[in-house]
Amino acid sequence: MPHHYPFSAVVGSDDMALGLVLTTISPDIGGVLVRGEKGTAKSTIVRALAAVLPPIEVVAGDRFSSDPREAASLSPDGPFPADAPTQTRSVRLVELPVGATEDRVLGSLHLERALSEGRAEYEPGLLARAHRGILYVDEVNLLHDHLVDLLLDAAAMGRSTVERDGVSVEHAARFVLVGTMNPEEGELRPQLLDRFGLTVEVAASRHPATRVEVVRRRLAFDADPIAFNAAYADDEQALTKRIVTAQELVQAVRLSESALFKIAEVCAAFDVDGMRADIVTARTAVAHAAWHGRTEVLREDIRAAARLALPHRRRRNPFDAPGLDEDLLDQVLGDDELPPEPDDTQPTDPPPSEADGTSDESAATDTNSHDVPHDQHGTSDDVAPGATDSYDAADDDDDQQPPPQQPGGQERGDSGRETVVGTGDPYRTRLFKVRGTGAGAAGRRSRAITEAGHRVGARQPLEQGGSIHLSETVRAAAPHQAARGRTTGPLRFRPTDLRVATREGKEANLILFCVDASGSMAARRRMEQVKTAILSLLLDAYRRRDKVGLVTFRGGSADLALPPTHSVDIAATRLADLPAGGRTPLAEGLLEAARVLDLERVRDPRRRPLLVVVTDGRATSGPDAVARSRQAARHLAGQGVDAVVVDCETGSFRMGLAAELATHLLAEHVPMAEVSASDLTRVTRDGRAA
């Protein structure tokens, strides 16, 4: 049996450990999302959690882990007699792979038995297996939105309902949902982010002593896992007993009216949307009180709950990382304990909020070190999680004046001066699509054959699962009935007769920006318009789950400023810091884009690319610059790359070089002013830019 790293031996992940423990005490909180860079023990501590949870008793032989103490079990294998045999087993940790299908998650008709035996039998999915356990989704931000929504709905309702393929089943699905993600691989959609009860930021400690302790323990575990686990056995047992005690106590914890008002004040101060934040904060505060053996919610419980329940719910721009101003939190909570219960005979108004003033920057931040449920032997990491700064279009330094513009200098590309210009407010853009029908990862941009969408045909299944296309299955079996000896009675099917529906939906694409950062683009007004247009397109890519990359060219060469990634906020940050100046190596930029696309075609052959060239069309670097740029454009067109040329040329006299480049690229030519989607009628009629 494999030995997992002990939960109590993990160093420097106190908030994460606390969040996980609180959700096991009160699963109604709604799960935990753990955000952090690679190598921060996210998966290690989640897998260790199952080992410290108390074992559960289940009905023997039941595929849905029914609790024998439940009077009415919601199990398709039931009902069970009162004296049904039982068994005790450890809590399951069920891992959901990123590439799982809806059938694998929900369960579906057992296709082989349906065709070979004529029986409609339900085959349970991962939700059934995770009942009364932990459902772990690594890289949850890469999971398709409809699957994430499905998981969160099941976690919130405590049951799963399947109505498909002639199967109608409902079963219990109460589990602790844990998702982990690396923000560098892309963010989770805001509407899905809000559905997680708690969120935790983790980062590697910058304290040498803590890092040394992490390495020391890991080496000791790898050298002798049995001895290492034995050394922490007492801590693990103590942690299990404490969880059991808290689970029994949580129903007795009292949430006073003053505590409820304080929770409402905190949520209002952080300008959260809806009421989910208040509900989750209240549930978490109750669980935190039970964890500390109290029967009444105190100020410190509300503070701990707010730190976990609110960071991902505050209003923020799409590229901002979740976070919480703890000085403001302390200011709203105040220094005094919660007041006594108000008189129920008099109408009660909420206490006046103190959140209107500015936060006290000198206030000390409470690290809640007493909340750490593990790490009995090592140094605790009291450093706040180090989230990287995210680019915000509204935060550019407006006070910084640009260098004096020499008449005709940078605009002609003659100046060697570099300038960095900010952006304006982003806007809604036209939807640029890749032509044809693909088969890439599900998304929201171009047409593709996907697992979800409207039915357009049928095919033989490549693996177990899929939505049965009944009429096509019957049609495939009908010609073989005589050979199979059928004279009367029902049709005789074979597994080879099975046909599943082919569905057409939308896919995500690779959006590769190839941006002219030469001197001819460096005029402040022009570069600001260019960056605003690109930022707007990045926002569109963020919403449509696209992968993005950024190639820039200026001076005498082209650079891959950002290799293709799901992290659109990093692209926005690189864009904000993009300098401009020098000559225009257009050919080099196009050839670098071709090289990047060739590599991505090998790495991810199903993801179709869309090249967005942002330029005024000038080519001034090197001999035969114009001829080489045309040759590079024709090379890309010969590779079948769909492209859009965003024409940045301005002024009353225009040379039309970008339009000529679009002709050689076989690309759509879009003047920068037309990137906006303001003309919805024209956008709808356009077959290429819908």
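**Figure 1. The largest cavity holds about 50 Å³ of space.** This is a predicted model, in which local features need pLDDT of at least 70 and side-chain atom pairs count only at pLDDT 80 or more, while totals for chains, interfaces and linings use all residues. Residues are numbered from 1 along each chain as its sequence is written, and side-chain values use heavy atoms, with hydrogens and water left out. A cavity is a set of points on a 1 Å grid over the protein atoms alone where a 1.4 Å probe fits but cannot get out. Grid points are joined across faces, edges and corners, and the volume is the space filled by probe spheres set on the points. By this rule there are 6 cavities of 30 Å³ or more. The lining of the largest one consists of F432, R445, I511, F513, L537, D540, L610 and V612; lining residues have an atom within 4 Å of a point. β16, α17 (524-543) and β20 each give two or more residues to this lining. Helices (H or I, at least four residues) and strands (E, at least two) are DSSP runs, numbered from the N terminus. By class, the lining has 6 nonpolar, no polar and 2 charged residues. Ala, Val, Leu, Ile, Met, Phe, Trp, Tyr, Cys and Pro count as nonpolar, Asp, Glu, Lys and Arg as charged, and the others, Gly among them, as polar.

**Figure 2. Six strands form an open sheet with mixed pairing.** The order is β18-β17-β16-β20-β21-β22. Two strands pair if DSSP finds at least two bridges between them. β18 (557-565) and β22 (668-671) are the edge strands, each pairing on one side only. Neighbouring strands are turned by 15° against each other on average, direction ignored. β16 (residues 510-516) and β17 (residues 547-554) run parallel, joined by 7 bridges. L512 stands opposite G549 in β17.

Figure 3. Axes are lines fitted to C-alpha atoms, for helices over the stretch in contact (heavy atoms within 4.5 Å). Angles run from 0 to 180 degrees between N-to-C directions.

**Figure 4. An open sheet of 3 strands shows antiparallel pairing.** Its order is β13-β15-β14. The edges are β13 (442-450) and β14 (454-459). Twist averages 35° from one strand to the next. 6 bridges join β13 to β15 (residues 500-507). T450 stands opposite R503 in β15.

**Figure 5. Helices α1 and α12 cross at roughly 95°.** The axes of α1 (residues 14-25) and α12 (residues 276-291) come within 9 Å. The two helices are therefore roughly perpendicular (65 to 115 degrees). L18, V21, L22 and I25 in α1 meet T284, A287, H288 and W291 in α12. This contact divides into 6 nonpolar, 2 polar and no charged residues.

Conventions:
1 Å grid on protein atoms, 1.4 Å probe; cavity = no way out; pocket = protein on both sides within 12 Å on 5 of 7 lines; lining within 4 Å. Parallel < 35°, antiparallel > 145°, perpendicular 65-115°, else oblique.
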